[in-house]
Amino acid sequence: MATILTHTHSLLTLPFNHSTAFTELADNCEHFMDALLECDAPAEKITLYGRLAACLAILQPTLLEPVPEALKESLTVEHFPTRLPVFEPEADQLGRYCQVLTQQLISGSLTPDDERVIQDLLGELVSFYADTLKMPRWLRIDEGVIELLA
């Protein structure tokens, strides 16, 4: 437990600002989320959410900027990556995401700007959810039918 508190404490004081590299900011976001998933203390959770929000706010405007020369080498590989980022939630989890976002929109507690963002996200997730549920599950071949999903 002490290591978790020490790790959480180091995240609460982790320095970052507008000059922090976007790759480091992305790492910070992951670390904040990892700590949030393990955190039960309400005050620490709020602080971690605040740190995540601040990091995301600094990161967002950098996304359309060219990659800085100093980072190009760290983002260059000799061989095609064997793993690419993919969003692959289970269908039941995806359905829960859609339900919770819909409830947030129904609540009327969001600012108009936040409502638009949540609406856009919900639209993308519902479309992905529908596509996931309706995607082919079997392939007919000369030898019969084979299952596509394992």
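Phe16 and Phe32 are both buried, where buried means under 20% relative accessible area, exposed over 50% and partly exposed in between, with a 1.4 Å probe and protein chains only. The model is predicted, so that local features need pLDDT of at least 70 and side-chain atom pairs count only at pLDDT 80 or more, while totals for chains, interfaces and linings use all residues. Residues are numbered from 1 along each chain as its sequence is written, and side-chain values use heavy atoms, with hydrogens and water left out.

Two aromatic pairs were found in a search of the whole structure. Rings of Phe, Tyr and Trp (its six-membered ring) pair if their centres lie within 6.5 Å; planes under 30 degrees apart count as stacked, over 60 as edge-to-face and the rest as tilted. Phe16 and Phe32 form a tilted pair, at 6.1 Å centre to centre and 55° between the planes. Phe16 lies in the loop between helix 1 (2-12) and helix 2 (22-38), and Phe32 in helix 2, so the pair ties together parts that are 16 residues apart in sequence. Helices (H or I, at least four residues) and strands (E, at least two) are DSSP runs, numbered from the N terminus.

In the pair of Phe87 and Phe128, the ring centres are 5.8 Å apart and the planes stand at 45°, so this pair is tilted. Phe87 is in the loop between helix 4 (69-72) and helix 5 (91-107), and Phe128 is in helix 6 (residues 112-134), 41 residues apart. Phe87 is partly exposed at 47% relative accessibility, as is Phe128 at 33%.

Three salt bridges are present, each defined as a side-chain nitrogen of Lys or Arg within 4 Å of a carboxyl oxygen of Asp or Glu. In helix 4, Glu69 and Lys72 are three residues apart, about one helical turn, and their closest N and O atoms are 3.0 Å apart. Glu69 is exposed at 61% relative accessibility, whereas Lys72 is partly exposed at 39%. Asp92 bridges to Arg96 with closest N and O atoms 3.5 Å apart; both lie in helix 5, four residues apart. The salt bridge of Asp120 and Arg116 has an N to O distance of 3.0 Å, and both residues lie in helix 6, four residues apart.

Leu139, Ile141, Ile146 and Leu148 form a nonpolar surface patch with about 310 Å² of accessible area together. Patches are made of residues with over 30% relative accessible area and no salt bridge, like charges being joined within 9 Å and nonpolar side chains (Val, Leu, Ile, Met, Phe, Trp, Tyr) within 5 Å. Accessible areas come from the Shrake-Rupley method with a 1.4 Å probe, and for residues only the protein chains shown count as cover. Ile141, in strand 1 (residues 138-141), is partly exposed at 31%.
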